[in-house]
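Reader: Could you walk me through this one, starting with the terms you rely on?

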Amino acid sequence: MDTGCVELRYADGSMYSVDCTAVENELARNMSERSELDYLIYNDPIGYADLVLNGDLEAYLRNVTDYKPLDS
């Protein structure tokens, strides 16, 4: 079942659950960034969790997406 979460269980029995929908709503400014987050969730969930817990997810998104806002 897809819960919209990435769950991490450590050897000592502790568990963390990352609410991916909340992360997307907070950080993704466009469909390109949402697509990149979705790709990570399904193809590298450990890398995704590492970025959320230890890294700078905003900097990652700036570096891997080629988003240019439309001129108003």
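Author: Buried means under 20% relative accessible area, exposed means over 50%, and partly exposed lies in between, computed with a 1.4 Å probe and protein chains only. This is a predicted model, in which local features need pLDDT of at least 70 and side-chain atom pairs count only at pLDDT 80 or more, while totals for chains, interfaces and linings use all residues. Residues are numbered from 1 along each chain as its sequence is written, and side-chain values use heavy atoms, with hydrogens and water left out.

Reader: Which exposed residues does the face of H2 turned away from its buried side carry?

Author: That face carries Met-31 and Tyr-42; helices here are DSSP runs of H or I with at least four residues, strands are runs of E with at least two, and both are numbered from the N terminus.

Reader: And which residues of H2 are buried?

Author: Glu-33, Glu-36, Leu-37, Leu-40 and Ile-41 are the buried ones. Seen down the axis of H2, they fall within an arc of 135 degrees, so they line one face of the helix; the arc is taken over the directions from the helix axis to the C-beta atoms.

Reader: What covers them?

Author: The cover includes strand E1 (5–9) together with helices H1 (20–27), H3 (45–54) and H4 (57–64), where contact means heavy atoms within 4.5 Å.

Reader: Switching topic, in what order do the elements of the chain run?

Author: From the N terminus on they run β-β-α-α-α-α, and 31% of the 72 residues of the chain count as buried.
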